[in-house]
Amino acid sequence: MARTYEQLQRQIAGLQAEAEKLRRKEFEGVVARIREAIEIYGITAADLGLAAGAPKRRGPAQAAGAAERKGKRGKRGKAGRKAGSAAAQFRDAAGNTWVGRGKRPQWLRDALVAGHTLDEFRIKAA
């Protein structure tokens with residue numbers, strides 16, 4: 001006997017409700033195990049890289065791999081490129097600067113929204 005679309009939709013809804021119940025039950029168990037580990041080992045948000053401004057920690061395997069990769073590239077970083085800072089290309093009246101790389105800073109985005117143009121902030125070459 002063929003099922004109707006409506007019957008399948010009811011079956012799907014029932015299965016989704018059952019799946020959500022199981023997920024909640026598993027979630028509670030995971031949270032309980034995490035809390036236990038936090039208590040036993042004294043884990044902090046900074047240890048997990050969750051605190052604001054906290055450096056991300058690497059496990060022993062990742063740290064060893066990173067050291068090995070660094071040795072292959074030399075001391076200059078990615079693919080032998082020299083790390084350096086670029087000269088500022090844009091400046092506002094308050095002295096805020098931007099080199100023109102990466103995400104635009106908030107002061108520049110605000111000025112552009114206010115109707116200014118990017119060329120108004122460009123530092124003229126001497």
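Here is a short briefing on the fold, the charged pairs, the aromatic residues and the surface of this protein chain. The model is a predicted one. Its secondary structure comes to 3 helices and 2 strands, and from the N terminus on, the elements follow the order α-α-β-β-α. Several of the features below sit in helix H1, which spans residues 5-41.

**The chain as a whole**

- Of the 126 residues in the protein chain, 8% are buried.
- The accessible surface of the protein chain comes to about 11100 Å², and carbon and sulfur atoms account for 55% of that area.

- As a reminder, side chains of opposite charge can pair when their charged atoms come close.
- The model has 4 salt bridges, and three of them are described here, starting with Arg-10 and Glu-6.
- In the salt bridge between Arg-10 and Glu-6, the closest N and O atoms are 2.9 Å apart.
- Arg-10 and Glu-6 are 4 residues apart in helix H1, so about one helical turn separates them. Both of these residues are exposed.
- Arg-23 and Glu-20 also meet through their side chains in a salt bridge, at 3.2 Å from N to O. These two residues are 3 residues apart in helix H1, which again means a separation of about one helical turn.
- Glu-20 has a salt bridge with Arg-24 too, and here the closest N and O atoms lie 3.7 Å apart. Glu-20 and Arg-24 are both in helix H1, 4 residues apart, or about one turn of the helix.
- Through shared partners, these salt bridges join Glu-20, Arg-23 and Arg-24 into one network.
- How exposed are the members of this network? Arg-23 is partly exposed, with a relative accessible area of 45%. Glu-20 is partly exposed at 29%, and Arg-24 is partly exposed at 42%.

**Aromatic residues**

- Arg-23 turns up again here: its charged end sits over the ring of Phe-27, 5.9 Å from the ring centre.
- The structure holds 2 aromatic pairs. One of them is Trp-107 with Phe-121, whose ring centres are 5.9 Å apart.
- Are the rings of Trp-107 and Phe-121 stacked or edge-to-face? Their planes stand at 70°, and because planes over 60 degrees apart count as edge-to-face, the pair is edge-to-face.
- Trp-107 lies in helix H3, while Phe-121 is in the segment after H3, so the pair ties together parts that are 14 residues apart in sequence.
- Both Trp-107 and Phe-121 are buried.

**Surface and loop**

- Which residues make the nonpolar surface patch of about 220 Å²? The patch is made by Val-30, Ile-34 and Ile-38.
- Ile-34 is a residue of helix H1. With a relative accessible area of 46%, Ile-34 is partly exposed.
- Arg-101 is placed in the loop between strand S2 (97-98) and helix H3 (106-113). Arg-101 is exposed, and its relative accessible area is 59%.
- Arg-101 and Ala-86 are 15 residues apart along the chain, and 9.0 Å separates their C-alpha atoms.

Conventions:
Residues are numbered from 1 along each chain as its sequence is written. This is a predicted model: local features need pLDDT of at least 70, side-chain atom pairs count only at pLDDT 80 or more; totals for chains, interfaces and linings use all residues. Side-chain values use heavy atoms; hydrogens and water are left out. Buried means under 20% relative accessible area, exposed over 50%, partly exposed in between (1.4 Å probe, protein chains only). Rings of Phe, Tyr and Trp (its six-membered ring) pair if their centres lie within 6.5 Å; planes under 30 degrees apart count as stacked, over 60 as edge-to-face and the rest as tilted. A charge sits over a ring if NZ of Lys or CZ of Arg is within 6 Å of the ring centre and within 35 degrees of the ring normal. Patches are made of residues with over 30% relative accessible area and no salt bridge: like charges are joined within 9 Å, nonpolar side chains (Val, Leu, Ile, Met, Phe, Trp, Tyr) within 5 Å. Accessible areas come from the Shrake-Rupley method with a 1.4 Å probe; for residues, only the protein chains shown count as cover.
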